Amino acid sequence: MALPVARPGQQDPIYEGTRIPSPIPTVLEVDPAVKDTDDILTVNFGPNHPSTHGVLRLIVDLDGEVVVGVHAKVGYVHTGFEKNMEQKSWWKAITYAPRIDYLAYQNNELVFVLAIEKLLGLEVPPKATWMRMLLSELNRIHSHLVWLGTAALELGAISMFWYTFREREMVLDLSELVAGYRMHTRYFQTGGLAEDIPAGFYPECRKFVEWMPKAIADYDALLAKNEIWEDRTVGLGLLNRRDAIALGQTGPVLRASGVDWDLRRDDPYLYYDRVRFHVPVFPQGDTYDRYRVRIEEMQASVEIVEQCLDRLERLEGEPWISDDRKVVLPPREELHTSMESLIHHFKIVTEGYRVPEGEVYVAVESPRGELGCYVVSDGGARPWRVKFRAPSFAALEATATMVQGAYIADLIAIVGSLDTVMGEVDR
Amino acid sequence: MPFEGVPGLVETREAFGETALVVDPARLVEACTLLRDEHGFEMLVDIAATDYLGWGSPGVSGYIGTAQGRNLNRPMTQGLQALPAPKPKRFSLNYHLLAIQPGAPRVRVQVWLDDGEPVPSVLSVWPGADWFEREAWDLMGIPIGGHPYPERLIMDEDWEGHPLRKDYPLGGEPVRFSGEE
């Protein structure tokens with residue numbers, strides 16, 4: 001694996017002070033002195049544009065080819081996930097969570113299930129926790145692969161797309177092997193996993209773990225020192241440490257701005273405190289560093305997957321779901337012999353389990369940053385309120401800060417480097 | 001108590017290992033500035049609004065366990081075993097703060113509001129609050145006082161109502177070209 005390219009002036013501050021527009025932090029307004037002159041051209045970019053990563057609309061003011069004003073409009077894929085989840089019983093609402101961010105489906109599922117379990121105070125068996133970690137990391141690889149493929153595609157590197165989608169297919173095949181679905185698996189159940197890990201998963205996953213580092217090295221060989229890629233990414237879309245924190249940036253965007261912060265290491269959930277992995281941090285705060293962070297994160301994820309596999313193989317035959325009969329469905333075969341099991345099964349399926357009154361906020365490190373879930377329960381069988389803290393939502397707020405003075409062509413690379421998923425922004 | 005000096009602090013609650021500070025909305029900006037500068041909560045992670053209309057009473061989610069006893073007209077057993085604790089006002093607005101420090105300290109600042117009661121904008125404390133506040137106005141109808149651009153964010157500009165409120169009906173959106181216009 002090649003080390004990051006040494007660039008002149010790497011240790012210099014990205015920029016002094018703050019570049020967050022004022023008074024509205026998310027809208028870059030045109031200088032009033034030139035606003036109504038003929039030099040300013042206002043262009044509508046999106047909502048349906050191949051490089052907007054979903055349906056994002058940017059109203060861009062151009063002076064020649066230079067962006068002097070930008071105004072982001074969101075909401076085109078608002079589907080009311082949060083409202084819908086309030087109408088469903090807790091375990092049916094789990095189905096909605098992965099669809100919010102359709103690339104980080106496993107992480108979305110995880111955060112909602114963890115929130116329910118926190119309210120219930122439910123213990124999860126080790127095997128399930130290790131498997132959740134493994135799938136979350138595979139999902140991180142999947143999400144970064146889609147980002148890398150599409151971000152490179154937007155800059156004209158079409159071949160990257162074919163490479164990354166080849167490996168993405170391998171991750172999806174593993175998903176299918178485990179849960180029967182390629183995406184939106186709904187494999188994480190309150191209390192553990194929906195089914196036992198199927199035979200044959202470990203060897204298949206091992207094959208992937210062996211293959212993936214070579215593939216990542218290939219991507220890096222294609223892009224890292226590629227002159228065109230460097231020209232289009234180095235020094236563009238700057239965001240310094242202070243602005244990144246003030247704008248609530250998390251995940252790769254924050255780490256590319258030189259902030260050494262990863263919830264997996266700094267606020268561990270699942271068993272992240274029991275595995276070794278490195279957290280890539282880069283100081284330059286540009287599009288190139290956001291690329292570097294994601295590339296190295298994929299390597300870190302492979303490391304974690306490998307360690308999870310080592311643990312899981314030793315847990316063969318262990319339970320994969322909690323045995324709390326008030327929350328977890330009884331084993332299928334018991335329904336023929338045990339009256340209590342039949343009652344529990346019936347109650348859980350028809351009215352759902354009740355979750356104690358309270359409010360919790362649970363956060364995980366999704367591929368895009370801190371994915372939070374704020375859940376309120378009134379003690380009933382349905383959530384009273386579910387609110388997802390979407391990392392893409394916060395990331396898009398930084399657009400106006402990042403694109404100041406950029407060329408229109410670079411706008412695409414800069415917005416792409418935020419890795420936003422509009423389903424998550426609009427919910 | 002580390003949070004005793006927070007301006008306008010009404011109550012500190014600990015539950016599920018999380019700390020919630022209930023703050024008087026009039027002194028919210030002061031409280032947030034102090035939390036950022038003195039306690040290191042540099043990052044505003046999320047603003048979540050909740051509507052408690054119908055909290056603990058039948059009719060919204062179909063309860064049977066009401067103060068009046070069992071409601072035979074609502075036979076679906078969505079009932080509660082205990083009535084939830086009453087809430088001071090209809091809306092709560094929750095500011096989830098994070099300190100970029102070892103141990104990842106978090107705190108939830110909570111303000112309680114009636115319908116139409118504005119809450120001061122915390123944009124001057126955390127610029128990242130911008131869209132979160134606009135979302136709270138758009139989807140929950142909480143007016144943000146002093147916001148420089150108090151427009152809807154998610155819904156159309158001419159949308160009526162605030163969809164995440166409990167009294168906003170499911171399927172409240174008129175279906176276009178349905179022949180019933």
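**Salt bridges, a helix pair and the A–B interface**

Over all chains, the count comes to 48 salt bridges. Keep in mind that this is a predicted model.

Let me start with one of those pairs. Side chains of opposite charge can pair when their charged atoms come close. Glu204(A) and Lys207(A) form a salt bridge, 3.1 Å from N to O. Where do Glu204(A) and Lys207(A) lie? Both sit in helix H7 of chain A. They are 3 residues apart, about one turn of the helix.

Now stay with that helix. H7 of chain A covers residues 201–223, and H12 of chain A covers residues 287–314. Their axes come within 10 Å and cross at roughly 165°. The cut-off for roughly antiparallel is over 145 degrees. H7(A) and H12(A) are therefore roughly antiparallel to each other. The crossing is left-handed.

Who touches whom? On the H7(A) side, the contact residues include Tyr202(A), Val209(A), Met212(A), Pro213(A) and Ile216(A). On the H12(A) side, they include Ile295(A), Met298(A), Val302(A), Val305(A) and Leu309(A). How do the residues of this contact divide into nonpolar, polar and charged? We get 15 nonpolar, 1 polar and 6 charged.

Next, the interface between the chains. Chain B puts in 62 residues and chain A puts in 58. About 5100 Å² is buried between chain B and chain A. Carbon and sulfur atoms give 57% of that area.

Back to charges. How many salt bridges cross the interface of chain B and chain A? The rule finds 10. One salt bridge between the chains joins Lys387(A) to Glu135(B). Their closest N and O atoms are 3.7 Å apart.

Note on methods:
Residues numbered from 1 in each chain as written. Chains lettered and ligands numbered in written order. Predicted model: local features only at pLDDT ≥ 70, side-chain atom pairs only at ≥ 80, totals over all residues. Heavy atoms only, no water. Axes fitted to C-alpha atoms, helices over the stretch in contact; angles between N-to-C directions. Helix = DSSP H or I, 4+ residues; strand = E, 2+ residues; numbered from the N terminus. Parallel < 35°, antiparallel > 145°, perpendicular 65-115°, else oblique. Left-handed = near helix turned anticlockwise from the far one by under 90°. Contact = heavy atoms within 4.5 Å. Nonpolar A, V, L, I, M, F, W, Y, C, P; charged D, E, K, R; others polar. Buried area = accessible area lost by both parts, 1.4 Å probe. Salt bridge = Lys/Arg side-chain N within 4 Å of Asp/Glu carboxyl O.
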